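Subject: Structure handover

Hello,

The structure we discussed is below, with notes on what turned up in it. Please look through it before you read on.

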Amino acid sequence: MATDDGESRLSEAAGRLDVDVGYAGVYRQRLIRAGMIVSTGRGRIDLAHHAARDWIRARAQADGHQ
């Protein structure tokens with residue numbers, strides 16, 4: 001999700017993780033309950049905190065993942 005500039009489609013996130021949408025949906029619910037992400041519409045999700053995207057991107061870059 002951090003690679004997207006805004007909301008993400010659950011199906012695209014699942015594809016990036018190489019998992020099926022049903023499996024991703026289980027984790028979607030867990031992350032929503034934990035307050036990490038929010039549902040922005042049918043099949044769409046976004047990070048709950050505005051600074052999370054930048055923090056994740058910075059960590060990935062520091063770890064050499066970009």
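The model is predicted. Four elements each supply at least two residues of the lining of the largest pocket: helix H1 (10-17), helix H2 (21-33), strand E3 (44-47) and helix H3 (52-62). About 540 Å³ of space lies in this pocket. Its lining has 23 residues, and the closest to the pocket centre are Met-1, Ala-13, Leu-17, Leu-31 and Ile-37. By class, the lining residues comprise 18 nonpolar, 3 polar and 2 charged.

Next, the sheet. It is open and has 3 strands in the order E1-E3-E2, with antiparallel pairing. Strand E1 (8-9) and E2 stand at the edges with a single partner strand each, so one side of each has no neighbour in the sheet. E2 and E3 run antiparallel and are joined by 4 bridges. Ser-39, for instance, has Ile-45 in E3 as its bridge partner. Helix H2 lies across E2 and E3, and runs at about 115° to E2.

Which residues is Met-36 in contact with, leaving aside its neighbours within four places in sequence? They are Leu-31, Leu-47 and Ala-48. Met-36 and Leu-47 are 11 residues apart along the chain, and 6.2 Å separates their C-alpha atoms. Of the other two contacts of Met-36, Leu-31 is also among the residues closest to the centre of the largest pocket.

Regards

Conventions: Residues numbered from 1 in each chain as written. Predicted model: local features only at pLDDT ≥ 70, side-chain atom pairs only at ≥ 80, totals over all residues. Heavy atoms only, no water. 1 Å grid on protein atoms, 1.4 Å probe; cavity = no way out; pocket = protein on both sides within 12 Å on 5 of 7 lines; lining within 4 Å. Points joined across faces, edges and corners; volume = space filled by probe spheres on them. Nonpolar A, V, L, I, M, F, W, Y, C, P; charged D, E, K, R; others polar. Contact = heavy atoms within 4.5 Å. Pairing = 2+ DSSP bridges. Axes fitted to C-alpha atoms, helices over the stretch in contact; angles between N-to-C directions.
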